[in-house]
Amino acid sequence: MDLAIIVGLDVISGIASLVLISAGLAVIFGMMKIINLAHGEFLMLGAYATVLSVSAGVNIWFAMLVIAPVFVGLVGVIVERCLIQFLYGRLVDTMLATWGLSLVIVGATTMIFGNTIVGVSSPLGGFQVGAYQSSLYTPFLALMAVFLMTAVFGVMRYTRAGLIARAVMQNPEMAATLGVNPARVYMATFGAGAAMSGLAGGLLAPVAGVVPTMGAAYIAKAFITVVGGGTSLLWGLISASGLFGFINQIAAFLTTPVFGEVILFIAAVVLIRLLPTGIAGRFFKGRL
Amino acid sequence: MQILTGMKGALIGSVIAAAAIIAAPFYVDLFQIMQLTVFAAMAVLALSLGFIWGYGGILCFGQTSFFGLGAYAYAVSAINFGDSTPAILLAILVPVVFAALLGYFMIYGGISDVYLGVITLTVSLILFNLVNSTAGDFYKIGEARLGGFNGIPGVPTFNLPGNPGYILTPEQAWMVTGIALILVYLGLRVLIASSFGRIIIAIRENETRAALLGYDPRIYKLITFMIGGAIAGFAGALYVNWGAFVSPTIFALGLSAQIIIWVIIGGRGTLIGPVIGCLLLQWMVTEIGAQQALDANFILGAILIIFVLLVPKGIAPTLRDLALSRLGRGETAPPEARVKVKT
């Protein structure tokens with residue numbers, strides 16, 4: 001029974017971390033149909049922002065939940081203005097440019113901070129389930145994932161900005177004829193997506209080794225989740241995170257975490273063969 | 001006729017290059033010969049992506065998967081057989097089978113370019129993690145221990161076919177690698193000039209139109225993808241032969257990015273472009289490695305961004321367009337001229 005609870009917690013934390021690390025990527029992909037290959041580096045920048053703020057004496061909650069997303073969001077807006085806006089309509093070139101950007105960010109971070117692991121300690125204690133010990137940080141991550149999804153849903157569904165964003169997502173030309181400037185929306189989207197990545201990076205900082213190359217450890221799962229989910233903003237992300245998080249954690253429990261990742265990938269490739277437009281493209285077409 | 005003259009130019013260029021390769025050991029010291037050997041092995045890898053991306057229109061971001069699988073297949077089988085000839089064959093066969101499986105799911109799934117790029121990149125990331133985790137006695141294939149992060153040291157290098165006792169000297173290994181590069185190049189030139197090559201170019205230009213003309217784009221794309229896998233796997237064998245060593249870093253993200261950069265700066269839609277791009281970048285990365293101030297990733301990323309923004313066609317096609325417009329033959333080359341680019 002205790003073991004079942006611990007495995008259940010693992011599944012929930014697996015799903016929650018998939019939601020968190022993929023959210024920024026999914027928002028940018030859903031709105032702009034481009035894959036940001038510098039996504040892992042946005043996570044890394046969020047983690048660094050948190051670690052550096054904490055070591056400068058800032059409260060860890062403020063660093064994770066405010067400084068990291070604001071800083072990476074600003075980076076995102078700058079990147080969109082200086083790089084992405086010149087490549088609209090050239091999907092492949094956008095991917096290549098963001099890949100170049102990812103190398104530049106890794107290189108610059110290595111030059112400034114060196115290739116050593118830094119970190120902060122986890123702010124919450126642990127709790128006991130029978131003979132097993134678990135960290136309170138796990139349910140906190142799950143809460144944050146739920147909160148983030150609710151916030152995205154609320155903004156997209158009930159605000160004017162969300163209405164405009166949905167209009168541009170459905171048909172940019174039509175939105176433009178109605179007086180919306182799609183370029184402005186894309187800039188805001190990229191910034192918001194980057195901020196979500198920064199938040200995820202900040203939340204990961206206490207549980208991950210923060211190094212310039214840490215992004216590579218997360219992007220594989222984030223890519224699979226977003227590709228499996230499809231271009232729907234919210235339901236694709238949630239359904240793919242739910243399915244893949246479950247498969248990944250159960251497979252990791254039965255074998256090793258690495259084989260869990262392999263099995264996750266095989267499941268995703270089979271899924272792509274059956275549903276080329278992702279889960280959302282098949283079951284949640286036209287939804288958020 | 002134009003294809004024939006193009007082929008004649010390629011042949012003449014190849015004969016000159018082959019002569020230079022055979023003459024090189026008499027003029028260049030051993031260290032530089034070793035450097036040139038790895039450059040040539042990487043150039044074969046560049047050709048594999050140059051072919052499937054530039055001609056097949058398949059955006060593969062994880063060409064290192066096949067390169068690494070070929071390298072590991074060679075290392076494991078060379079240790080087990082003690083003879084390099086079947087090991088080289090396996091280094092080609094294993095990536096081809098893997099490419100067939102992966103390609104089937106992706107290409108027959110009808111996914112877009114963006115998905116294909118992301119999935120192939122993910123494959124290389126996962127292979128990196130997988131091979132990294134194979135430390136310990138449990139993970140061994142026959143005599144060969146996979147060794148996890150430490151990789152497989154002391155891999156037998158190439159020997160004379162049928163005579164495992166005769167190991168090639170570094171100079172001979174250089175000649176084999178250099179000549180292999182030329183043969184792969186010429187083989188691809190012939191393939192592109194053949195009707196198969198014309199069909200895959202037609203599919204790259206307009207998949208629907210090619211399908212309406214009766215060609216199934218999926219099977220042609222899958223075969224192209226498998227040929228790319230075969231060449232990349234062969235390059236992997238050449239690479240292991242150079243270092244007698246293979247480790248999981250062969251699957252790492254940095255190398256995947258570099259292959260893409262070679263093809264981008266050299267030029268998509270040519271074969272000589274990726275080779276030039278590869279040699280230039282390899283030389284540059286070696287030079288950067290010798291100093292401390294600037295990080296290699298930083299420079300590589302900056303180059304990639306600059307080329308995507310400012311020279312999206314790459315060096316070789318841009319130079320050719322410049323030459324053509326100087327000759328007054330028009331501003332840019334028509335699509336079919338990309339096939340017949342002179343070397």
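This is a predicted model: local features need pLDDT of at least 70, side-chain atom pairs count only at pLDDT 80 or more; totals for chains, interfaces and linings use all residues.

**Labels against cut-offs**

Biologist: Which residue in the hairpin of β1(A) and β2(A) takes a positive phi?

Modeller: A:Gly130, with phi near 55°. The hairpin has two residues between its strands. Residues are numbered from 1 along each chain as its sequence is written, while chains are lettered from A and ligands numbered from 1 in the order written.

Biologist: What makes β1 and β2 of chain A a pair?

Modeller: Pairing requires at least two DSSP bridges between two strands. Here four bridges join β1 (126-129) to β2 (132-135), and the strands run antiparallel. Among the bridge partners, A:Gln128 goes with A:Gln133, and A:Gly126 goes with A:Ser135.

Biologist: How many helices and strands does chain A have?

Modeller: Twelve helices and two strands. The order is α-α-α-α-β-β-α-α-α-α-α-α-α-α.

Biologist: Why is chain A called as compact as a globular protein of its length?

Modeller: Its radius of gyration, taken over C-alpha atoms, is 19 Å. The globule rule, 2.2 Å times the number of residues to the power 0.38, gives 19 Å for 288 residues. The two values are close, so the label holds. Along the principal axes, the C-alpha atoms fill a box of roughly 65 × 45 × 35 Å.

Biologist: Why is B:Leu146 called buried?

Modeller: Buried means 20 or more other C-beta atoms within 10 Å of the residue's own; exposed means 12 or fewer, partly exposed lies in between, and C-beta atoms are placed from the backbone. B:Leu146 has 23, so the residue is buried. Its place is the loop between β2 (144-145) and β3 (159-160) of chain B. Beyond four places in sequence, B:Leu146 is in contact (C-beta atoms within 7 Å) with B:Val131, B:Thr134, B:Tyr139, B:Lys140 and B:Ile152.

Biologist: How do you know that the buried residues of α6(A) line one face?

Modeller: In α6 (160-170) the buried residues are A:Ala165, A:Val168 and A:Met169. The arc is that of the directions from the helix axis to the C-beta atoms. Those residues fall within 105°, so they line one face. On the other side, A:Arg160 and A:Gln170 are exposed. The cover over the buried residues includes α1 (2-32), α5 (137-158), α7 (172-177) and α8 (182-204) of chain A.

Biologist: Which residues touch the most other members of the largest nonpolar core?

Modeller: B:Val44, B:Ala46 and B:Leu304, out of 199 residues. Helix α9 (217-243) of chain B gives the most to this core, 15 residues. A nonpolar core is a set of buried Ala, Val, Leu, Ile, Met, Phe, Trp, Tyr and Cys residues joined through C-beta atoms within 7 Å. Sequence neighbours within four places aside, the contacts of B:Ala46 include B:Ile259, B:Trp262 and B:Val263.

Biologist: How many residues of chain B are in contact with chain A?

Modeller: 34, against 36 residues of chain A. On the chain B side, α5(B) gives the largest share, twelve residues. By class, that side has 24 nonpolar, eight polar and two charged residues. Nonpolar covers Ala, Val, Leu, Ile, Met, Phe, Trp, Tyr, Cys and Pro; charged covers Asp, Glu, Lys and Arg; the others, Gly among them, are polar.

Terms used. Two residues are in contact if their C-beta atoms, placed from the backbone, lie within 7 Å.
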